[in-house]
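Reader: I'd like to learn how to read backbone angles and strand pairing in a model. Can you walk me through it?

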Amino acid sequence: MANGLAIAPISSPLVADTGGQLAEAKGNPGLSYLLNLNSRRSRITMRSHLKYIASISGGYSIRECPWQLLRRDHVRSLVEMMTELGKAPATVNAALSAMKGVAREAWVMGMMDSESYQQIRDLKGVSGTRLAKGVFLEPAAVEAICSACETDDSPRGARDAALIHLLVATGLRRSESVAIDLESIEPGRQAIKIIGKGNKERLVFVPRQAYQKVKAWQASLGRDAGPLFTRVRRHGVVSDARLTDQAVYFIIKERAAQAGLEECSPHDFRRTFATNMLDRGIDVLTVQYALGHSNLATTQRYDRSAERRLEEAMKGL
């Protein structure tokens, strides 16, 4: 590309980003864009996209990439390259969204002219979908994972049982589950206030069995404020330090392995919850609210009813 920002060959190796504090974003539209994202999870996701974009744009790191030189043709070339490499449409569109966000930051910072920014902003995403990754957990698999927690009579067992029952019964994101404070629980309505993506608050209603597990864990904490899910240190010492969403990932992997499951991730609980709701005839708008989705199309991707009907029909042939 003109002005010094060239597309590197597809075979170019990824160059590790030196990272650093987002506080150093001054003068760097890429870092500034990341700094302005609402959630830690979004920053991690979009940082990964920018790291990849910078690397195939000349072997740069995020810090070194001259983002202000982005232009429409360059962005289109990157989109075409990712498509040719077999990247899923959702991945390509997320990367495009990141580039648009960076372009906006460059424009706001006075490092890009209005026409160049407008041309990038008006680019359309790629069409198409892919089958959702992950697995749908059958009732027996869910029961096996919960049993793996309940047969552990240590504080970790009680915590993990409450956590997993809650994820299965409500479809919460793991980041949402670890952000729950005891003050957010509404005993009268058997509900929990959740702050989801985009800093949007919603009320999640918890089925009886899961709610009992949560209350049992809460009683063991011996306090009425602070984080619900906390770390359990050696010798079963329960701390007041909030559990991280990455810790939830490892907890579920560990409990799934104990249950004899080869495949299981936190998002599989969310996928299973949504699928079960839709299969029971719950309207998609209600499921959208329960999951905290801002886009209805995202919720509709969980609907496997047509796939199941086809599977059953083919078995009868």
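Author: One definition to start: a strand here is a DSSP run of E with at least two residues, numbered from the N terminus. With that in hand, His-235 sits in the loop between strand S4 (230-233) and strand S5 (237-242). Keep in mind that this is a predicted model.

Reader: What is phi of His-235 near?

Author: The general idea comes first. Most residues other than glycine have a negative phi. His-235 has a positive one, near 65 degrees, and is not a glycine.

Reader: Is His-235 buried or exposed?

Author: Exposed means over 50% relative accessible area. His-235 has 75% relative accessibility, so it counts as exposed.

Reader: Which loop holds Gln-190?

Author: The one between strand S1 (185-186) and strand S2 (191-195). Gln-190 also has a positive phi, near 50 degrees, and it isn't a glycine either. Gln-190 has a relative accessible area of 27%, so it is partly exposed.

Reader: How many bridges join S1 to S2?

Author: Strands count as paired if DSSP finds at least two bridges between them. S1 and S2 run antiparallel and are joined by two bridges. Across that pairing, Ile-185 stands opposite Ile-192 in S2.

Reader: What is the strand order in the open sheet?

Author: S1-S2-S3, three strands with antiparallel pairing.

Key:
Residues are numbered from 1 along each chain as its sequence is written. This is a predicted model: local features need pLDDT of at least 70, side-chain atom pairs count only at pLDDT 80 or more; totals for chains, interfaces and linings use all residues. Side-chain values use heavy atoms; hydrogens and water are left out. Helices (H or I, at least four residues) and strands (E, at least two) are DSSP runs, numbered from the N terminus. Buried means under 20% relative accessible area, exposed over 50%, partly exposed in between (1.4 Å probe, protein chains only).
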